[in-house]
Amino acid sequence: MSALAVVAPARRRSWTLVAGLVLVGAVVLVAVISLVWLPYAPADTTGTRLEGPSLAHWIGTDKLGRDLATQLMSGARIALLVGLSSVAVGAVIGITVGLVAAFAESWLDDSISAALDVVIAFPVLLLAMLIVAAQGASLGSVIVAIGLAMSAVVARLTRVLTKRVLGEQYVTAARTSGTRWPGIVARHILPNIWPTLSVNLALQFGVAVLAEASLSYLGLGAPPPNASWGRLLQEAQGTVVTAPLGAIAPGIALIMLVIGVNFIADGLRDVADPARKGRR
């Protein structure tokens, strides 16, 4: 393989990472702006119903007369909040359980691994639906439900990675020298497993955003006045022919964020495994 053939794919992947940062950065910028300024109040229904794009309403209005640009900007904030918070919940629970399983006796390790396999067998959305239905629809319950549902995947990956690191000679040397387990975890385990975990958590962020949108579409997401992109899609399905922007706009926003996060995850994977650049 020539040097040019190796450089060209690497350059394409760098542009993929840049594209991901641009897409996610645009959503983050909109969400930050929505914290300090919105074209209209989120509950303002003074606009003409199903109005097309105009200077007063850049993207138009929905069937209730609310400004769609305002709803999309508020929805960006909800999507990022749910995505980041759900990943944080899943990471804390998953990493803790994974570390416990990796350090535990074989019988406890096998029991935890079997339980994780059972949980992973259920789709994230299905588990989240069950948890939200039991707790009631709210922004907090959505975050907890999605975080709990994805924690099993994080836990299994953490267990596998930790087991691999525990077999290394430097860990054996640390244990022989009398280093306690908390020190081994902080100095050797987490720094070595974090690059791979960060890629998985980036992918889980996209899963969380899609799960939140799906729950909101089904009426199990954050209730109004929270402007979820999923709820905007659900409200626009009856007028998709007469006013297609009501469905197209939140759909594009959702696709931008998820694809952008996946691009970033792919770039992080290359950083975590430089040898992978030459293999693709």
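The bend at a residue is taken as the angle between two fitted axes, one through the seven residues ending there and one through the seven starting there. In the present predicted model, α7 bends by about 50° at W194, and within four residues a proline, P195, follows. The end C-alpha atoms of α7 are separated by only 45 Å, whereas a straight helix of 37 residues would span 54 Å at 1.5 Å a residue. Beyond α7 comes G219, which has a positive phi near 85°.

The largest nonpolar core comprises 50 residues, of which V82, I146, I189, F205, V209, W229 and L257 touch the most other members. At least two residues of this core are supplied by each of α1 (3-36), α2 (68-103), α4 (124-135), α5 (139-166), α6 (169-176), α7 (181-217), α8 (229-236) and α9 (245-272). The greatest contribution is that of α7, with 12 residues. Apart from neighbours within four places in sequence, I146 is in contact with V82, S86, A128, A208, A211, E212 and L215. A second, separate core consists of five residues, among them A101, I112, A152 and A155.

The loop between α1 and α2 contains T61. Because its relative accessible area is 3%, T61 is classed as buried, the limit being under 20%. The side chain of T61 reaches the backbone oxygen of T48 at 2.5 Å, and a polar atom of that T61 side chain lies 2.7 Å from the backbone nitrogen of E51. With neighbours within four places in sequence left aside, the contacts of T61 are T48, R49, L50, E51, R66, D67 and L68.

Conventions
Residues are numbered from 1 along each chain as its sequence is written. This is a predicted model: local features need pLDDT of at least 70, side-chain atom pairs count only at pLDDT 80 or more; totals for chains, interfaces and linings use all residues. Side-chain values use heavy atoms; hydrogens and water are left out. A nonpolar core is a set of buried Ala, Val, Leu, Ile, Met, Phe, Trp, Tyr and Cys residues joined through side-chain atoms within 4.5 Å. Buried means under 20% relative accessible area, exposed over 50%, partly exposed in between (1.4 Å probe, protein chains only). Contact means heavy atoms within 4.5 Å. The expected span of a helix is 1.5 Å times one less than its number of residues. A polar contact is a pair of N or O atoms within 3.5 Å; within protein, one must be able to donate a hydrogen and the other to accept it, and residues adjacent in sequence count only if both atoms are side-chain atoms.
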